[in-house]
Amino acid sequence: MAAHSLSPSLYRLLFAVKYASLHSRCCAVHKKAQYSTIYNPSEKTFEKILIANRGEIACRVIKTCKKMGIKTVAVHSDVDSSAVHAKMADEAVCVGPAPTSKSYLNMDAIMDAIRTTGAQAVHPGYGFLSENKEFAKRLAAEGVTFIGPDTHAIQAMGDKIESKLIAKAAKVNTIPGFDGVVKTAEEAVKIAQDIGYPVMIKASAGGGGKGMRIAWNDEETREGFRFSSQEAASSFGDDRLLIEKYIDNPRHIEIQVLADKHGNALWLNERECSIQRRNQKVVEEAPSTFLDSVTRQAMGEQAVQLAKAVQYSSAGTVEFLVDSKKNFYFLEMNTRLQVEHPITECITGLDLVEQMIRVAKGYRLQHKQEDIPINGWAIESRVYAEDPYKSFGLPSIGRLSQYHEPLNLSNVRVDSGIQEGSDISIYYDPMISKLVTYGATRSEALARMEDALDNYVIRGVTHNIPLLREIITHPRFISGDISTNFLPEVYPDGFKGHQLEADTRRELLASAAALYITAQLRSQRFLGELRVSSSPVECNHWELCVELGEQRHVLEITKSGNVYTVEVDGGEVEVSGQWDLASPLLPLTINSTHKMLQCLSRDASGNIVLQYLGTSFQVRVLSKLAAELNSYMPEKVPEDTSSILRSPMPGTMVAVSVKPGDTVAEGQEICVIEAMKMQNSLTAVKQAKRRAATYPAGVPRRTQRTTAHVIRAPRFAGERNPRQAKTGEGGSLLYYMQFLGFRFQVDGFDNMVNLGCS
Amino acid sequence: FRGKLPQTSLLRDSRWYSVSHLSVKERIDKKRKAALIGGGQKRIDAQHKRGKLTARERVELLLDPDSFVETDMFVEHRCSDFGMEQDRNKFPGDSVVTGRGRINGRLVYVFSQDFTVFGGSLSGAHAQKICKIMDQAMTVGAPVIGLNDSGGARIQEGVESLAGYADIFLRNVMASGVVPQISLIMGPCAGGAVYSPALTDFTFMVKDTSYLFITGPDVVKSVTNEDVTQEELGGAKTHTSVSGVAHHAFENDVEALLNLREFFNFLECHDPSDRLVPSLDTIVPFESTKAYDMLDIIQAIVDEREFFEIMPNYAKNIVVGFARMNGRTVGIVGNQPKVASGCLDINSSVKGARFVRFCDAFNIPIITFVDVPGFLPGTAQEYGGIIRHGAKLLFAFAEATVPKITIITRKAYGGAYDVMSSKHLRGDVNYAWPSAEVAVMGAKGAVQIIFRGKDNQAEAEAEYVEKFANPFPAAVRGFVDDIIEPSTTRRKICRDLDVLASKKQVNPWKKHANIPL
């Protein structure tokens with residue numbers, strides 16, 4: 001086969017033309033991509049492909065298209081118009097406003113985009129329209145190729161019950177269970193008893209782990225039946241239920257398959273996806289530590305049997321649950337490119353997107369089953385904009401004020417669709433990137449993952465790196481002793497961040513102290529001072545007081561050159577580094593070991609927030625004198641906010657629910673603020689009575705009104721009538737109404753945004 | 001003479017001399033010791049109990065270790081009425097500690113009022129001590145820091161105390177624009193005393209323990225029958241967010257002093273001057289009515305993301321403060337679209353004007369980020385004199401001769417465009433981002449005037465947007481020097497500052513200008 005590699009310079013040019021400031025990063029991606037960069041240029045596929053997706057997966061597909069010389073069309077919502085995927089593609093078409101139902105799921109707009117750009121094929125990525133048979137049908141009707149399986153396969157595998165029947169028929173192991181319409185709770189109980197507890201109940205049409213309930217006895221079965229049938233009817237309009245044996249402590253292992261339109265199918269080994277939270281994957285690896293070659297082969301062959309049974313073509317994934325005795329049961333088949341496909345690419349060297357495009361054009365598979373290797377080990381961490389301290393991850397939003405991917409490290413692949421300055425919005429998935437590391441062995445890949453997480457700079461949003469780093473360094477994970485219950489088992493009381501040992505604590509304290517002194521010394525150098533400084537000798541010994549958590553430590557620090565020797569808690573720590581205070585990264589050598597810390601913030605009061613071992617720690621460093629004097633400082637009692645009602649976000653007040661003289665009970669609605677297209681009800685924290693309007697005479701009547709008009713036309717309270725001006729803790733002037741013992745405040749200022757004043 | 005006296009003394013009675021010498025030495029030591037404990041241990045404990053540090057502790061924490069050189073430690077008050085002449089009512093140094101020292105190596109003069117001695121009240125001697133260091137600071141050109149903690153005038157001294165205040169006020173005025181003056185209010189400061197901080201360049205406060213007012217709550221009650229607490233009347237929160245008297249407030253004494261040290265750090269650092277800031281390319285939203293945070297832009301552009309904001313809680317629709325660009329201290333002024341659309345009103349104009357004038361007085365280059373929809377309309381503003389107050393900002397920008405760099409990030413509408421350090425007011429370098437719209441007003445308003453009574457308003461609006469809602473109208477006339485990619489802003493500013501370092505510009509000679517006060 002004639003192999004041709006696209007020269008890096010040409011590659012660079014492609015990006016430079018499209019988007020100058022992106023090019024350095026994309027080149028790095030290209031060099032580090034852990035999949036084949038070889039393709040056969042004589043094999044003509046498509047002239048132009050439209051990617052009906054956004055974010056990292058759109059970027060991922062565009063990269064392969066560029067490699068194959070295919071022109072790309074991105075679709076985007078209006079808020080995504082400057083998103084990375086829209087800039088990376090050769091053409092970009094806006095398909096609607098931010099909500100996905102009006103843009104990325106808007107088939108009419110996407111079909112229009114296909115027509116106007118003349119795209120010959122559509123890659124759907126994952127999610128959105130990737131498993132939508134209606135979309136596939138409409139494409140087929142217009143003669144546009146859908147890069148994915150046939151409608152028939154999508155339909156067959158998209159339904160939980162049908163897919164199980166097909167699997168059973170194809171001699172694939174399935175979980176004992178019942179699927180179909182369950183009429184009454186008692187019927188459900190009888191079915192459950194036949195299968196044997198525990199059982200799992202969910203709506204047949206529901207995807208993934210959505211709406212899944214587990215019952216250990218008859219009572220729970222009844223309850224599960226009630227919820228699931230309601231949900232099935234309301235969410236999916238399809239009241240069929242699935243009741244099946246629940247496998248306790250299972251592993252989630254999936255087989256990647258690849259099939260062409262000529263009846264050939266391959267299995268590309270497994271991916272271990274057991275580390276999940278709320279049935280969503282967090283860390284994946286390939287291969288699995290758990291499978292032996294016999295099991296692997298058995299699973300692979302069954303996956304291929306299933307693919308053939310539905311005349312599958314393109315890439316797909318067959319998910320299995322594997323119990324502790326290596327019995328495996330078919331779970332479902334995903335008829336699309338999976339989120340975690342990069343780890344399969346790393347160990348097999350295949351470019352799955354390329355293969356999907358080839359297959360869609362009708363080419364035969366290039367590989368035979370015996371050509372598929374397992375080369376080394378690959379780990380993927382899903383980096384999310386979410387707070388890991390709240391039920392292992394609640395979404396957070398914000399703007400990436402600083403963002404650097406750890407691409408300076410070798411064997412690291414980062415699939416992302418965002419860049420510094422991007423917004424993580426409420427409209428889309430909060431995934432920041434997929435961080436993949438690769439190594440000859442699992443421990444190599446894991447060690448690289450530690451480095452990569454430590455080197456990853458994300459500022460502006462809360463992220464789950466603390467959790468990811470704890471998972472991949474946990475002894476149970478390292479030994480491969482994992483299941484889908486890993487997180488709740490290891491952190492029964494919720495995730496609390498890295499717990500420092502005596503030595504790591506000393507290291508952290510010493511690093512903070514050394515950083516503090518570096519900043520202090522730097523402050524003594526300045527420009528343009530004509531006077532000669534009178535201090536003859538530079539100080540090189542300090543005594544500092546460092547607070548971490550509740551504890552206070554006295555540190556003695558000696559500096560020689562760039563090396564700080566720190567005596568702390570009876571131990572000695574030696575810290576050295578380049579001490580670049582402008583860089584978010586803090587590469588240090590602590591006791592002759594390289595450690596990557598990050599300085600998240602530093603202020604004049606001695607507060608330093610350091611990210612160490614993935615978790616951020618707040619320390620306070622004070623000179624001995626300042627610490628001594630600080631002991632005289634009174635502790636500030638946090639303001640009692642129960643009598644103040646604050647709007648959680650800037651918005652428009654659309655209704656006030658209490659009249660003067662009304663008494664409100666705890667929890668009662670006081671007013672409604674509209675923000676982010678949502679109406680938020682603000683409720684009373686304690687019982688209060690709205691005071692009758694007692695405004696002094698002479699005040700214009702309109703200030704007495706408590707309607708939205710006042711809020712919409714805010715004035716600078718305090719100018720005309722100082723009694724109206726109150727400030728919130730944040731200091732912004734707020735519109736407020738006086739209740740008896742109850743100040744009611746709504747941030748009215750931001751509404752000025754809507755005023756075109758000149 | 002000096003060589004002679006001991007000789008004669010020795011000749012006469014060497015024993016007497018040595019005894020006398022010893023006793024003087026003892027007296028010196030005794031006085032010094034007394035001076036160091038101010039009003040005595042009991043009062044020091046009381047001061048601590050209030051959550052406050054003593055005058056000396058404050059000085060020690062503010063200045064570099066061992067750098068404090070005290071003056072007038074032996075000065076005592078000269079009052080002889082009401083039993084004040086008794087020894088127990090005399091405290092060496094009286095109720096203020098004065099001297100000079102260094103903050104990270106930079107020379108400063110400091111006075112720190114001692115609440116433990118007569119409640120820090122101001123006597124003639126107290127004022128004299130402050131005047132002395134202010135005079136010295138002016139001769140050598142070093143900043144003056146006042147740590148205020150005083151109950152007011154020394155009533156026993158009467159008019160002498162008032163004279164003392166006036167002496168200080170005069171020096172505050174004379175020193176204004178010559179050396180930076182900073183007041184940190186760390187306790188009460190009431191009555192006439194408040195005018196000294198008011199005359200200085202910056203007034204900082206400590207939350208919960210410091211108050212500034214002309215008359216206290218008791219007098220307020222008796223005169224206007226208003227019930228008000230000290231905190232509400234003149235606390236840190238009131239002055240930093242409502243009155244605009246103070247520029248910043250800190251949590252407690254220790255934090256205030258540490259932050260004051262930081263405030264003095266106009267230093268060298270190693271943030272690369274050619275650093276690109278890709279995040280700026282996406283910061284301005286496409287919808288011109290949507291808000292964004294100007295602080296995001298400022299922090300991304302300046303050295304090490306460090307921005308010392310002045311008056312962060314007052315007139316938040318304008319952002320002012322200090323930062324460094326490639327190690328050079330700069331003053332930054334920016335409209336804040338997040339608050340009130342970033343419009344200019346009375347308070348923000350005055351806040352901006354005062355800051356610009358400080359920078360101009362002390363040769364600090366001014367970088368202005370413009371996103372201003374105009375002046376705030378309405379009776380409240382007009383009755384309050386927005387014309388007069390807005391003119392202050394206009395005056396300040398026009399008068400300033402320091403390097404002036406302006407970046408229009410989005411809206412620059414109407415008269416506010418002219419005011420915000422425009423090219424026409426001698427802006428040295430004026431840039432526009434691609435998102436800039438320099439126009440007389442927003443599209444809707446403009447179309448309503450131009451096409452009054454016509455039907456095709458929407459069409460006309462689109463035409464107006466096409467024509468004016470972009471940087472070209474200003475760029476083709478040379479009113480902006482260049483349209484730049486936001487990510488290159490830092491690099492460009494750093495280079496411009498290098499070039500402008502040698503800028504020399506002189507206003508016509510005058511006794512003084514007549515800013516519309």
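**Figure 1. Helix H11 of chain B is largely enclosed by the rest of the structure.** In this predicted model, helix H11 spans residues 294-301 of chain B, and 6 of its 8 residues are buried, so the helix is largely enclosed. The buried set consists of B:Met294, B:Leu295, B:Ile297, B:Ile298, B:Ala300 and B:Ile301. A helix of the α type has 3.6 residues a turn, so residues three or four places apart point the same way.

**Figure 2. Strands and a helix of chain B cover the buried residues of H11(B).** Among the covering elements are strands E10 (307-310), E11 (318-325) and E12 (328-335). Strands E13 (366-372) and E14 (404-413) also belong to the cover, as does helix H19 (489-500).

**Figure 3. B:Asp293 caps the N-terminal end of H11(B).** Look here for a side-chain oxygen of B:Asp293, which lies 3.0 Å from the backbone nitrogen of B:Leu295. B:Leu295 is itself one of the buried residues of the helix.

**Figure 4. B:Thr98 sits in strand E2 of chain B.** The strand runs over residues 96-103. B:Thr98 counts as buried because its relative accessibility is 0%, and the cut-off for buried is under 20%. Beyond its neighbours within four places in sequence, B:Thr98 is in contact with B:Phe68, B:Val69, B:Glu70, B:Thr71 and B:Asp72, and also with B:Val110, B:Phe111, B:Lys129, B:Ile130 and B:Ile133.

**Figure 5. B:Thr98 and B:Cys131 are shown as a pair, 33 residues apart in sequence.** From C-alpha to C-alpha, B:Thr98 and B:Cys131 are 9.9 Å apart in space.

Terms used: Residues numbered from 1 in each chain as written. Chains lettered and ligands numbered in written order. Predicted model: local features only at pLDDT ≥ 70, side-chain atom pairs only at ≥ 80, totals over all residues. Heavy atoms only, no water. Helix = DSSP H or I, 4+ residues; strand = E, 2+ residues; numbered from the N terminus. Buried < 20%, exposed > 50% of the residue type's maximum accessible area, 1.4 Å probe, protein only. Contact = heavy atoms within 4.5 Å. Polar contact = N/O pair within 3.5 Å; in protein donor to acceptor, adjacent residues only side chain to side chain.
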